Amino acid sequence: MNRYSSRLFVCTLGFLFLLGVRISRAQEAPPPNNVGTLSLQECISIAQDQSAVANAARYALVASKWQYESFQSDLLPSLSLSGDAPGYNKSIFSNVLDNGQVTFSSRTQSEASASLAVSQNILPTGGRLSLSSGVTRLGIFSNENTYLWQSTPLVVGLNQPLFQFNNLKWQNRTEPLRYEIAQKQFVEEMEEIAQTVTQQFFDVYLAKINLENARFNVARNDSIYQISQGRYNVGSIAENDLLQSELALRNAESSLTSAQIEYERALNDFKILLGYSTDVSLELEQPEKLPEISVDISKAKELALNNNSESLLYRLNEIQADRNLAQARSEAGFAATLNANFGLNQTSEQFSDLYTDPQNRQFVTVGFEVPIFNWGKQRAQVNAARNQQREVANSIQFQRRQFVQQVEYTVSQFLQLRGQALIAAQADTIAQRRYDVAQNRYLIGKIDITNLFIAQEEKDSARRAYIRALRTFWTGWYNLRALTLYDFDKKQPITYQL
C-alpha cells in the first residue's frame, strides 16, 4: 500500500468513526419534545433562564440601568448643534420718514444660522457652564442682492442659581442608590423564582408519590381481596372482612384516578412555570440530600441590612424626606439667578473677513425673587416637609426593627428545618418497615385486615410528610438566600448575569 493509499485509508476510518459517534449521540439524545429527568437545581436554572417571570425581571433591570446611565450623562459635557434652515420672508411694512410722513415699503430677505455649543452641569453649585460658536447669514434681495454675515467665534456663558434648590446634587445621592436597589431586586426576584420552582417541584413530586402509592395500593389491595375471597370460601374469615377488603380495593381504584388527574395538573403547571409547553415530556429526579449548612444569626442580620433591597429602600426614603425638606426651605427664602456671557462677535459682507478683528460681546444679568407676603404658605410647606421627615424617620425605624426580627425568625426556623426533615425521613423508613411486617403477619393470619389497612395508611402518610418536610427545608433555604443575598453553603454573595 503506497503513502497516498494509506492516508486515504486513515481518513476513511476517521470519517466513519466520527459518523458513528454522531449517530450514536443522535440515538442517545432525547427527542426535542422530551426534556428528560431534571433535578431541583436544574429546574431552578431553567426557570431563571427562560421563564417569562425571569425575562420580565431582566427587562426591568435593563430599564433601570439605562435610567442610571441617562443620569450619569447629565454629569458629563454635552455637545449640541442648533440652527435655522434658510428662511424666506417677503413682506410690506410701514416706514415713518423724518417729516412724519408714513410710507410703505416692501422687503424680501432670507436668514440662516448655525451654532455649536458645549455645556457642562456644575454638580456642587447646580449651575451650568457653556461654550458656543455660531454664524448667521442675512440675505437682502432687491435690485442688487446683498449678503451680510455675523459670527460669534467664542462665547462663554454661565447660568448659576443662587440660594436655590440644587436638584442635581440630590439626584447624585438618589440615582446610584436606585440603581443599586434595582440590582438587588433583580437578584431577589431570581431567588423568588427559585422559591416558587421549589414549591411547585415538590408539589409535583408529592403528586407523583401519591400516584405511585395509589398504583401500589391498587395492586396490593387486589391481592388482599383475592386472598380474602379464598379465606371466606373456606370459612376462615367473616363476610364483613371480605366486604372491607373489597371496599378498600374500590377506594384505592378511585384514589388512583384522582391521583392521576392531580399529577397531570401539577405537572402541566410546572412545565408552564419553567417556560415549556404542556406537550413536553419531563420527569423529576428524586430530591437532593440535605446539605449541612451553618448560619450565624448576627452575620445574617448584617448581610440582610446591607444587601436586601427593602433595607436599601429605607435609606432611599430617608434621603427623599431630607430632599423634600431642603427643597421647601429653599423655596421659602431669597432666590436669584445669575446669567453671565462673555465672547467675541463680528459682522462683514464677506465671509473671509468674518473672523478678522472680532469685537467684545458681554452681558450680565441677575434675576431675583423675594417672597414678601403669601399668607404663610412657605412656612406651612416647610413645617409640612419637616413633619413628613419625622414621620418617615419613625416609620423606617419601626420597619427596620420588624425586618431584623423577620431575619432572626427566618434563620432560627431554617436551623430547625433540617432536623425536622431528618426525623420525617426516619418516620418514613419506620412506617415502610411496619407495613411490610403487618403485611407478612396478615398473610400468615396473625393480624386482621383492619390493622393492615391502618399500617398502609400510616405508610402513605409518613411518605407524604417526608416530602413536605423536604419542601419546607428547601423553600426556607431559598427564602434565607433572598433575604440576605448570600449563599451560606458556598460562603459567597449571590450574583446573576443578565
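Modeller: A helix here is a DSSP run of H or I with at least four residues, and helices are numbered from the N terminus. Just after one such run, helix 9, Leu 485 takes a positive phi of about 55°. The model is a predicted one.

Biologist: How many helices and strands does the secondary structure of the protein chain come to?

Modeller: The protein chain has nine helices and ten strands.

Biologist: How do you know what span is expected of helix 9?

Modeller: The expected span is 1.5 Å times one less than the number of residues. Helix 9 covers residues 449-484, which is 36 residues, and the expected value is 52 Å. From its first C-alpha to its last, helix 9 reaches 53 Å, close to that expectation.

Biologist: What span should helix 5 have, and how far apart are its end C-alpha atoms?

Modeller: Helix 5 (residues 239-274) also has 36 residues, so it should span 52 Å at 1.5 Å a residue. Its end C-alpha atoms are 52 Å apart, and the two values therefore agree. Gly 275 follows helix 5 and has a positive phi, near 95°.

Biologist: Why are helix 2 and helix 4 called oblique to each other?

Modeller: Helix 2 (residues 40-50) and helix 4 (residues 167-233) pack at about 130°, with axes 9 Å apart. Roughly antiparallel would need an angle over 145 degrees, and roughly perpendicular one of 65 to 115. The pair is therefore oblique. Helix 2 passes helix 4 in a right-handed crossing. Among the residues making the contact are Leu 40 and Ile 44 of helix 2 and Phe 201 and Phe 202 of helix 4. By class, this contact has ten nonpolar, two polar and no charged residues.

Biologist: What makes helix 2 oblique or parallel to helix 5?

Modeller: Helix 2 and helix 5 pack at an angle of about 50°, with their axes 8 Å apart. Roughly parallel would require an angle under 35 degrees, and roughly perpendicular one of 65 to 115. Helix 2 is therefore oblique to helix 5. The contact involves Cys 43, Ile 46, Ala 47 and Gln 50 of helix 2, together with Phe 270, Leu 273 and Leu 274 of helix 5. Six of these residues are nonpolar, one is polar and none is charged.

Notes:
Residues numbered from 1 in each chain as written. Predicted model: local features only at pLDDT ≥ 70, side-chain atom pairs only at ≥ 80, totals over all residues. Heavy atoms only, no water. Axes fitted to C-alpha atoms, helices over the stretch in contact; angles between N-to-C directions. Helix = DSSP H or I, 4+ residues; strand = E, 2+ residues; numbered from the N terminus. Left-handed = near helix turned anticlockwise from the far one by under 90°. Contact = heavy atoms within 4.5 Å. Nonpolar A, V, L, I, M, F, W, Y, C, P; charged D, E, K, R; others polar.
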